[in-house]
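Here is a short briefing on one protein model. Look at the fold, then at the aromatic rings.

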Amino acid sequence: MYVIEGSTLGGRYILKNITTIAGLDKGQGVSYFNGYGEKTGNYWKSFLIFLEEYEQSYNCGNTIIEGAIYAFDSIHKHFEGIK
């Protein structure tokens, strides 16, 4: 969840940089990077609060970190296979 939700935040950063390309805007060709629009930052903060409370309730910080590493590694391996 951390990796997927984090990608919405990163997508907003990418969006700022690619909307300068002619023909690309929030509604055309780059909608994935728009995330939750202007609510993305607030949603990210809410998600982090939820994740912290979950970790504290279940004492599972290492499991959360291992899951994030697994997700990053899986995505990396996927893109390596596309070469």
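**Aromatic pairs and overall fold**

Tyr2 is partly exposed, at 37% relative accessible area (buried is under 20%, exposed over 50%, partly exposed in between; 1.4 Å probe, protein chains only). Trp44 is buried, at 13%. This is a predicted model: local features need pLDDT of at least 70, side-chain atom pairs count only at pLDDT 80 or more, and totals for chains, interfaces and linings use all residues. Residues are numbered from 1 along each chain as its sequence is written, and side-chain values use heavy atoms, with hydrogens and water left out.

**Aromatic rings**
- The structure holds 6 aromatic pairs (Phe, Tyr and Trp rings, the last by its six-membered ring, with centres within 6.5 Å; planes under 30 degrees apart are stacked, over 60 edge-to-face, the rest tilted).
- Tyr2 and Trp44 have ring centres 5.6 Å apart and planes at 50°, so this pair is tilted.
- This pair links distant parts of the chain: Tyr2 lies in helix H1 (residues 2–18) and Trp44 in helix H2 (residues 40–58), 42 residues apart.
- Tyr32 and Phe33 pair edge-to-face, at 5.5 Å centre to centre and 75° between the planes.
- Tyr32 is exposed at 59% relative accessibility, while Phe33 is partly exposed at 24%.
- One aromatic cluster is formed by Tyr2, Trp44 and Phe47.

**Fold**
- The protein has 3 helices and 0 strands (DSSP runs: helices are H or I, at least four residues; strands are E, at least two; numbering starts at the N terminus).
- Along its principal axes the C-alpha trace spans about 50 × 35 × 15 Å.
- Of the 83 residues, 20% count as buried.
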